[in-house]
Amino acid sequence: MSKENEKVTNGEEFDERSASPEMSLISIPERGISIEKELAEIEKNVEFFNRVKIIALKMTKPQDWVDMGGPYLMDRGAQNVAIAFGVDITQEAPRMEWAEDANGRYYMFIASGRAHAKRLNRFVEDIGICSQRDKFFGMSNGKLKEIQDVDMANIIRKASTNLYNRLVKRVIGLSGVTWDDLAAAGIKRESLARVEYRSGNQGGGPAGRAPVSDEHIARRDKIWKKLLELAGGDKAKASAELDRLASFGDKRVTDIAQVTSEKWIDSLYGKVKKECGSLD
């Protein structure tokens, strides 16, 4: 018997550094951890976070969602959930980076941040990105805008908005929400505003319709600017006014981007102008 084995049989302290190769292959857990116990704990965590998801979804309303081929939670809904779960978000100033593709050089803004959900005691970190090639801000009639024609402020704001939404969804567990999840929370798919973009559209019109012209995009921007002005800069109040003027039937419209046809924009423009006298 080797000296190493003698030490073990004599009850002396075992030094694994001096163990034989054969003995080093044997791994004895320091603690008697039960695999079944660990799996049961994992199952409890899954059940808990599924309950959290449903509770969080019940805090939202149909007008907080848009059907974009899948359920998409808009800013106002994310804010309500964040407040309920005590979510604190810290964000660094968005940084600008350059990239290049077959169409040339373009810029992007990257926003980094961290979220802490106090009620869940969870932390997550993430980034939000928006580039000059954004379909809504960086394209017109299916073509890329020149760099000088893209409003950089919009790109920066969207990068920050993307970060905020990603952080809230991840820290609460709302990433990858399905129609079944919404149904379990009492929200029906048919009650959501629907936006579908066809290939080549600049983002202003739904599938099957002609792209929205730059003139009508500018007109739509004027509508939102006027509603914000009337609401004293309060986005929630402006959205409520937009809902009153633009919604029809059971379709709620709380985001100006949901107004996705030239005829609809003209109609809404006329309503706002009638109430305000002028949009300039």
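What follows is a short exchange about helix packing and side-chain pairs in a predicted model.

Biologist: At what angle do helix α4 and helix α5 pack?
Modeller: Helix α4 covers residues 75-84, and helix α5 covers residues 152-172. Their axes are 10 Å apart. The angle makes α4 oblique to α5. Its value is about 45°.

Biologist: Which hand does the crossing of α4 and α5 have, and which residues of α5 make the contact?
Modeller: α4 passes α5 in a left-handed crossing. From α4, the contact uses D75, A78, Q79, V81 and A82. From α5, the residues are T161, Y164, N165, V168 and I172.

Biologist: S160 lies in helix α5. Which side chain does the side chain of S160 join in a polar contact?
Modeller: Set aside the neighbours of S160 within four places in sequence. S160 is then in contact with Q91, P94 and A111. The polar contact between side chains has a length of 2.9 Å. The partner of S160 in that polar contact is Q91.

Biologist: How are α7 and α8 oriented, and which hand does their crossing have?
Modeller: Helix α7 spans residues 214-230 and helix α8 spans residues 235-246. Their axes come within 8 Å and cross at roughly 120°. That angle makes α7 oblique to α8. The crossing is right-handed.

Biologist: Which residues of α7 make the contact with α8?
Modeller: α8 supplies K235, A238, S239, E241, L242 and L245. By class, the contact of α7 with α8 has six nonpolar, one polar and two charged residues. On the α7 side, the residues are W224, L227 and L228.

Biologist: α7 also crosses helix α9. Which residues of α9 does α7 meet?
Modeller: Helix α9 runs over residues 262-276, and its axis comes within 10 Å of that of α7. They cross at roughly 35°, and the crossing is left-handed. H216, R219, R220, I223, K226 and L230 represent α7. Facing them in α9 are E262, I265, D266, L268, Y269, V272 and C276.

Biologist: How many charged residues are in the contact of α7 with α9?
Modeller: Seven residues of this contact are nonpolar. One is polar. The charged residues number five.

Biologist: How many salt bridges are counted?
Modeller: Side chains of opposite charge can pair when their charged atoms come close. The cut-off here is 4 Å between nitrogen and carboxyl oxygen. By this rule the count is twelve.

Biologist: How many residues apart in sequence are the parts tied together by D88 and K118?
Modeller: The side chains of D88 and K118 form a salt bridge at 3.2 Å, N to O. D88 lies in strand β3, and K118 in the loop between β5 and β6, so the pair ties together parts of the chain. Their separation in sequence is 30 residues.

Technical notes. Residues are numbered from 1 along each chain as its sequence is written. This is a predicted model: local features need pLDDT of at least 70, side-chain atom pairs count only at pLDDT 80 or more; totals for chains, interfaces and linings use all residues. Side-chain values use heavy atoms; hydrogens and water are left out. Axes are lines fitted to C-alpha atoms, for helices over the stretch in contact, and angles run from 0 to 180 degrees between N-to-C directions. Helices (H or I, at least four residues) and strands (E, at least two) are DSSP runs, numbered from the N terminus. Angles under 35 degrees count as roughly parallel, over 145 as roughly antiparallel, 65 to 115 as roughly perpendicular and the rest as oblique. A crossing is left-handed if the near helix is turned anticlockwise from the far one by less than a right angle, and right-handed if clockwise. Contact means heavy atoms within 4.5 Å. A polar contact is a pair of N or O atoms within 3.5 Å; within protein, one must be able to donate a hydrogen and the other to accept it, and residues adjacent in sequence count only if both atoms are side-chain atoms. Ala, Val, Leu, Ile, Met, Phe, Trp, Tyr, Cys and Pro count as nonpolar, Asp, Glu, Lys and Arg as charged, and the others, Gly among them, as polar.
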